[in-house]
Amino acid sequence: ARDAFGNFAANMAVDAGGWSLSNASGGVLSGDLVPAGDQKSATFTGHLVGCANIVAVSGALAAIDSGLLTVVPGAASKLVIATQPSAMATAGIAFAQQPVILIEDQYSNLRSNDTLVVTATRSAGAGTLLGTTNITAVGGVATFTNLAHAIATNITIQFSSGGLTAVTSGTIAVRAAPALSQLLVLLP
């Protein structure tokens, strides 16, 4: 809160209803958005990547618009599964639906400049995970292309990258490949 000359108004009375910050362009703000009592300043943190206009309002005082601010992602914090691997698969054959993993900050913003290596490892079940298990993210997205599992069992896959919070897939039911004699019966 400042007086008409731009001086910090330490003794200026704030409207009885207090004052607030809002994002004129939509999105999410957090922090001390509605200061208590006669507090003359507030802070906020933007958790939504993109552009924002912040507007401060207090009763009869003139509203203040920040102008356009650009909010960028925070530090990489976690991995998130954007596309789960197939829930059912056949041993030795690449999953029909391959996993896609996102690198995000703590507020779930995509880290679109990250090129970290994401590693896939079997975390439940037994046997060997096949295919390319180390994928370098492009634009914060790691897209696996040929993961498969060698034996029939229920498995999960854990995705990890350095110190980021890892994520584990849902259960994948891997069934045995049809025996050759079964295939011959089906052929004319």
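These legends walk through several close-up views of a predicted model. In this model, local features need pLDDT of at least 70 and side-chain atom pairs count only at pLDDT 80 or more, while totals for chains, interfaces and linings use all residues. Residues are numbered from 1 along each chain as its sequence is written, and side-chain values use heavy atoms, with hydrogens and water left out.

View 1. Helices (H or I, at least four residues) and strands (E, at least two) are DSSP runs, numbered from the N terminus. Of the chain's 188 residues, 30% count as buried; buried means under 20% relative accessible area, exposed over 50%, and partly exposed in between (1.4 Å probe, protein chains only). Among contacts (heavy atoms within 4.5 Å) with a separation of 6 or more, 53% are between residues 24 or more positions apart.

**View 2. The largest nonpolar core, with 22 residues.** A nonpolar core here is a set of buried Ala, Val, Leu, Ile, Met, Phe, Trp, Tyr and Cys residues joined through side-chain atoms within 4.5 Å. Leu79, Phe95, Ile101, Phe144, Ile157 and Phe159 have the most contacts inside the core. At least two core residues come from each of β6 (78–83), β8 (100–104), β9 (117–124), β14 and β16 (172–175), and β14 gives the most, with three. Zoom in on Ile101 and you'll find that it touches Leu79, Val80, Ile81, Val118, Gly140, Val141, Ala142, Phe144 and Phe159, leaving aside residues up to four places away in sequence.

**View 3. An open sheet of three strands, ordered β6-β8-β12.** The pairing is antiparallel; two strands pair if DSSP finds at least two bridges between them. β6 and β12 (141–143) are the edge strands, each pairing on one side only. From one strand to the next, the twist averages 25°, using axes that are lines fitted to C-alpha atoms (for helices, over the stretch in contact) and angles that run from 0 to 180 degrees between N-to-C directions. Five bridges join β6 to β8, and Thr83 sits opposite Val100 in β8.

**View 4. β16 and its pairings with β7 and β14.** Strand β7 (residues 88–90) pairs with β16 in the parallel sense over three bridges, and Ala89 stands opposite Val174. β14 runs antiparallel to β16, also joined by three bridges, and here Val174 is the bridge partner of Thr153. Ile172 and Val174 make up the covered face of β16, while Ala173 and Arg175 make up the uncovered one. In a regular strand, side chains alternate between the two faces of the sheet.

**View 5. Thr156, in strand β14 (residues 153–160).** Thr156 counts as buried because its relative accessibility is 12%. Its side chain makes a polar contact with the side chain of Ser123 at 2.7 Å and reaches the backbone nitrogen of Ala124 at 3.3 Å. A polar contact is a pair of N or O atoms within 3.5 Å; within protein, one must be able to donate a hydrogen and the other to accept it, and residues adjacent in sequence count only if both atoms are side-chain atoms. Not counting residues up to four places away in sequence, Thr156 touches Thr121, Arg122, Ser123, Ala124, Thr168, Ser169, Gly170 and Thr171.
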